[in-house]
Amino acid sequence: MKLAAISAQISSIVDWFIHPSLMNDRDRVNQARVFLISHLFGPFLGSAVPIALYLLDPTPGFEVAVLAASIFGFWVFPILLKKFGNYNLLAILSVENLIFCILWSCYFYGGIKSPTLPWVLTIPLLAFFYIGPSTVLRTIVIALFAINMMVFLAVAMLASPPVSDLPSTDMEWLGIVSTVAVALYVTMMALYYAKVYESQAELEAEMREHLATASELRRATTDAERAGAAKAEFLAKMSHELRTPLNAVINYSQMLLEDAQDEGDEESISDLNKIHSAGQHLLKLINEVLDLSKIDAGMMGLYNEDTSIADLIRRVSDEARESARANGNVINADISPEVGMAYLDQQKIQQILSQILDNAVKFTKNGMIGIHAKKIAGPEHEMLMIEIRDTGIGIADHEISTLFEQFTVLGDASSSKYGGTGLGLALSLKLCRLMGGDIKAQSRLGEGSAFTIVVPNNARDLETQGSGKTPEVAGAASVPEHTLGPVAVAA
Amino acid sequence: MGKILVVEDNEMNRDMLTRRLVRQGFTVVSAIDGPSGVAMASSEMPDLILMDVALGEMDGWEATQLIKANRTTARIPIIALTAHALASDRDKSISVGCVDFDTKPVDFGRLMGKLKQHMGIAA
């Protein structure tokens, strides 16, 4: 436990010296860590040699001072690395300094037979730890070593090294100290290198696992998408195959109905009306399934055009007026004059509004249905907001959250009482989102409901953004804010 | 009311469409494939053509292009009828010269609106 704490402490000190520019490359960071460990702690072990010389040599001269200076000079490297981050150059310079230290002390103390010669072993070892797999740098290091050796030999031959006045027993002591120090040094570096390598291997294994998971996920997503597209295609085909015979039922029953009306055959009129309206209901359901499958398959296109909002709302409310009257309802459209025009898919917004207005009419008896349209500022661009409020039966809290899910018809009882396919609102929400908008519902049981449709006022705004993403309208999307303050629906 | 040419290869659809249009007061002539549709366009000179897109050998878009290429029939408005309300079908129909586009099976009420609009009949 304590060891781990010390190790973490050392790691943080080491990492502090790494220049930010090196941090992106993990291999580089690991090399720099080995470099820093060797430079921060190496001089402690290396200094054993000049200290031993100082103590043993009866006449320690400038050669000991130079050796000590160049060994402690290693401490400058971490600071330079922190400041400039010029790693390769510093690594090469450091190797050169190391070669110099070793050959310098060999030259003055024993030449070829110097007891400090084992330090030569550390040169390639450390160099290759620092510089990594780069062939160019490795060649430079080997060349550097060879040149230094040649210079050393040439100098040793031409100007024979000064005869050391170190007694031979002391020379042996120097050998022991030097060998122990170099052994400790190499052990330290090997241990640290092994630690780095181990954590690297762990990291790589983890990364491989992540990559495997990611590719599995990708494959699963592709599979799911393919299955989804196939399903959508099947649905689209089926819908067509269902619609063709169904249309014959609707159209021929319509013609028979017209004949019966001409002849005043009341019994036939009633029967044919049932066939006709059942056919219409089934056709609406199939059309909604087709639309939903087209949206899911990404095959539903948008046809934006300039649209007069007042005309749009007038058309929608005119269509609903007859059924509203049948339920004793009054539709009251309040369109502020400055609402003007919008650029959007007229047919789709009309489909959405009709669906919601039909619901309002259906679930309200002897009440009021208000339609209110205005422009509001959205988070990115101007939005068109159309609100449809009714004074109907309202929606219970626990039902409102599933309102926009497919095949939700309020209560089992109400589906038979009020009809409805259970797809209308789900489809409306999807269409609205396709247009870059959203629908919210607020309701109070027994008081009424309010549906707010918000779509971009100008679909060109979405095109210029280059995204078909659906912006979240303030507040939850299909999870409506039914808990918001007193809703003025009862008015 | 005006004369409408229905080009439709499915017998039931053709019969239904023809009879319902006749009940609305239109004069209706019909063709069962592309080549006869093109021929009848110039021989009958209808006020509007309802063109099924999936007609077999010569499809409705091809027939439309031929009708539009003939100077005498070029200005007859053509409404394409396709099985799937796909974006690509709609774009293709407009690009070959159709004035409008509707999906089969036709919603008769909606189709009536389009007929009146393109034949200049007051609703």
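## Charges over rings

A charge sits over a ring if NZ of Lys or CZ of Arg is within 6 Å of the ring centre and within 35 degrees of the ring normal. With that in hand, let's look at this predicted model. Within chain A, Tyr343(A) has the charged end of Arg460(A) over its ring, 3.6 Å from the centre.

## Aromatic pairs

Over all chains, the structure holds 13 aromatic pairs. One of them joins Phe74(A) and Phe77(A): the ring centres are 6.1 Å apart and the planes meet at 35 degrees, so this pair counts as tilted. Phe74(A) and Phe77(A) are both buried.

Another pair to look at is Tyr107(A) with Phe108(A), which is edge-to-face, with 5.1 Å from centre to centre and 90 degrees between the planes. Tyr107(A) and Phe108(A) are buried too. These two rings also belong to a cluster linked by ring pairs, together with Phe62(A), Phe100(A) and Trp104(A).

## Helix H7 of chain A

Now for a helix. H7(A) spans residues 122-131 and is mostly covered, with seven of its 10 residues buried. Which residues of H7(A) are buried? They are Thr122(A), Ile123(A), Leu126(A), Ala127(A), Phe129(A), Tyr130(A) and Ile131(A).

Technical notes
Residues are numbered from 1 along each chain as its sequence is written. Chains are lettered from A and ligands numbered from 1 in the order in which they are written. This is a predicted model: local features need pLDDT of at least 70, side-chain atom pairs count only at pLDDT 80 or more; totals for chains, interfaces and linings use all residues. Side-chain values use heavy atoms; hydrogens and water are left out. Buried means under 20% relative accessible area, exposed over 50%, partly exposed in between (1.4 Å probe, protein chains only). Helices (H or I, at least four residues) and strands (E, at least two) are DSSP runs, numbered from the N terminus. Rings of Phe, Tyr and Trp (its six-membered ring) pair if their centres lie within 6.5 Å; planes under 30 degrees apart count as stacked, over 60 as edge-to-face and the rest as tilted.
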